Amino acid sequence: MKAVVLEGPDKELVYTDVKEPSPGENEVVVELKTAALNRRDFWITKGKYPGIRYPVILGSDGCGTLDGKRVLINPNQDWGSNPQVQSSDYRILGTPENGTFAQYIAVGKDKVEKAPEHLSDEQAAALPLAGMTAYRALITKCQPTLKDKVLVTGVGGGVALFAVQFALALGCEVYVTSGSDDKISKAMEVGAKSGSNYKDENWAKDLANQAGGFDVIIDSAGGDGFSNLINLANPGARIAMYGGTRGKIDGISPQKLFWKQISWFGSTMATDEEFKKMVRFVDENKIHPIVDKVFPLEKAQEAIDYNGKGLQFGKVVLQI
């Protein structure tokens, strides 16, 4: 079969022939039609991700067919029995195990889920990793209610966009931040009420003037600007963080946290049960994942380079 293989850190991806996988005990082989990129794929190619094995077929997200039915791949590996936190053996498909940038993949029988019929193959592939991450951070952790004001930072990436779409489906009033005015405009086309460019000095004050404050905040950046999010949080607000692209956080006043009764959650990926709930939520609410660009499988390196620049609005997908 054809697959895209990473042979070492900082090496170009190789589109090549590899042995077709055989199913192990309690496994099935899925014929993949599409696969989606995540930011982790870019960092794996740079050797900056724990537990990398070489050579390896990258990819955590995929849509394909099994016994004539269209299915999604759940990228979870060994979450464990505690729904509050993943086990020490937890892994994500695509390293160290081979992933979805291939014509076929062997996965556990419990790692396939029927794909919602209203989604195209490209939209379906875009859903798993980013969708489950957004679902746990927003819905499981922060539990937004109708008409809550929700702020999603760094809109444009897959998780942030799903958080926007999920919050809108719940009837929330959604605002966003981005370093791109164009991405803010596109988020407003999706349904966000407004937003602010975090490159502007007064972005937090601008948001305060627009919304007053926020009941739920979903963040993936951290950094010095995080203290502004504490200021923007309403009393009783819930904040979930699923990334830290801007590094360590300084300048937070603990008095604001406890006096405002703010709940601050760390969140990553999701349980298998949350994955199922997320797919059902997308199906029931007829949510369409946003696909930015589609590349053929043999152009995976070009897709990785594009994704690494962070210019996309939505998911980058490989057509297999």
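# Close-up views of a predicted model

**View 1. Asn228 in its helix.** Let us start with Asn228, which is found in helix H7 (residues 226–232). Asn228 has a relative accessibility of 24%, so it counts as partly exposed. Leaving aside residues up to four places away in sequence, Asn228 touches Trp203 and Ala204.

View 2. How many salt bridges does a search of the whole structure find? The search finds 15. One of them pairs Lys315 with Asp61, with 3.8 Å between the closest N and O atoms. This pair links distant parts of the chain, since Lys315 sits in strand E18 (residues 315–319) and Asp61 in strand E5 (residues 61–66), 254 residues apart. Are these two residues buried or exposed? Both Lys315 and Asp61 are buried.

**View 3. A salt bridge from a strand to a loop.** Here Glu173 and Lys193 form a salt bridge, their closest N and O atoms lying 3.8 Å apart. Again the pair links distant parts of the chain: Glu173 belongs to strand E12 (residues 173–178), while Lys193 is in the loop between helix H5 (181–190) and strand E13 (194–197), 20 residues apart. Glu173 counts as partly exposed because its relative accessibility is 25%. Lys193, at 51%, counts as exposed, because the cut-off for that word is over 50%.

View 4. Lys186 and Asp182 form a salt bridge whose closest N and O atoms are 3.4 Å apart. Both residues lie in helix H5, 4 residues apart, which is about one turn of the helix. Lys186 is partly exposed at 31% relative accessibility, and Asp182 is partly exposed too, at 44%.

View 5. Ser194 is found in strand E13. With a relative accessibility of 18%, Ser194 counts as buried, because buried means under 20%. Look for the polar contact of 2.5 Å that joins the side chains of Ser194 and Gln210. Apart from residues up to four places away in sequence, Ser194 touches Val174, Tyr175, Val176, Met188 and Gln210.

View 6. Thr95 lies in the loop between strand E8 (91–92) and strand E9 (104–108). At 3% relative accessibility, Thr95 counts as buried. Which backbone atom does the side chain of Thr95 reach? The answer is the backbone nitrogen of Arg53, at 3.3 Å. The residues that Thr95 touches, not counting those up to four places away in sequence, include Arg40, Ile44, Tyr49 and Arg53. Thr95 is joined to Pro96 by a cis peptide bond, with omega about 10 degrees. Pro96 also lies in the loop between E8 and E9. Another cis peptide bond runs from Tyr54 to Pro55, where omega is near -10 degrees. Pro55 is found in the loop between helix H1 (39–45) and E4.

**View 7. The second largest pocket.** This pocket has a volume of about 410 Å³. Its lining is made of 22 residues, and those nearest its centre are Leu93, Glu97, Asn98, Ile105 and Ala106. Strand E4 (56–57) and E9 each supply at least two residues of the lining. E9 gives the most, with 5 residues. Sorted by class, the lining has 12 nonpolar, 4 polar and 6 charged residues.

**View 8. Two loop residues with positive phi.** Most residues other than glycine have a negative phi. In this view, Asn26 has a phi near 60 degrees, a positive value in a residue other than glycine. Asn26 lies in the loop between strand E2 (14–17) and strand E3 (27–36), and at 52% relative accessibility it counts as exposed. Asp78 is not a glycine either, yet it has a positive phi of about 60 degrees. Asp78 sits in the loop between strand E7 (76–77) and E8, and its relative accessible area of 42% makes it partly exposed.

Terms used. Residues are numbered from 1 along each chain as its sequence is written. This is a predicted model: local features need pLDDT of at least 70, side-chain atom pairs count only at pLDDT 80 or more; totals for chains, interfaces and linings use all residues. Side-chain values use heavy atoms; hydrogens and water are left out. A salt bridge is a side-chain nitrogen of Lys or Arg within 4 Å of a carboxyl oxygen of Asp or Glu. Buried means under 20% relative accessible area, exposed over 50%, partly exposed in between (1.4 Å probe, protein chains only). A polar contact is a pair of N or O atoms within 3.5 Å; within protein, one must be able to donate a hydrogen and the other to accept it, and residues adjacent in sequence count only if both atoms are side-chain atoms. Contact means heavy atoms within 4.5 Å. On a 1 Å grid over the protein atoms alone, a cavity is a set of points where a 1.4 Å probe fits but cannot get out, and a pocket is an open set with protein on both sides within 12 Å along at least five of seven lines; lining residues have an atom within 4 Å of a point. Grid points are joined across faces, edges and corners, and a volume is the space filled by probe spheres set on the points. Ala, Val, Leu, Ile, Met, Phe, Trp, Tyr, Cys and Pro count as nonpolar, Asp, Glu, Lys and Arg as charged, and the others, Gly among them, as polar.
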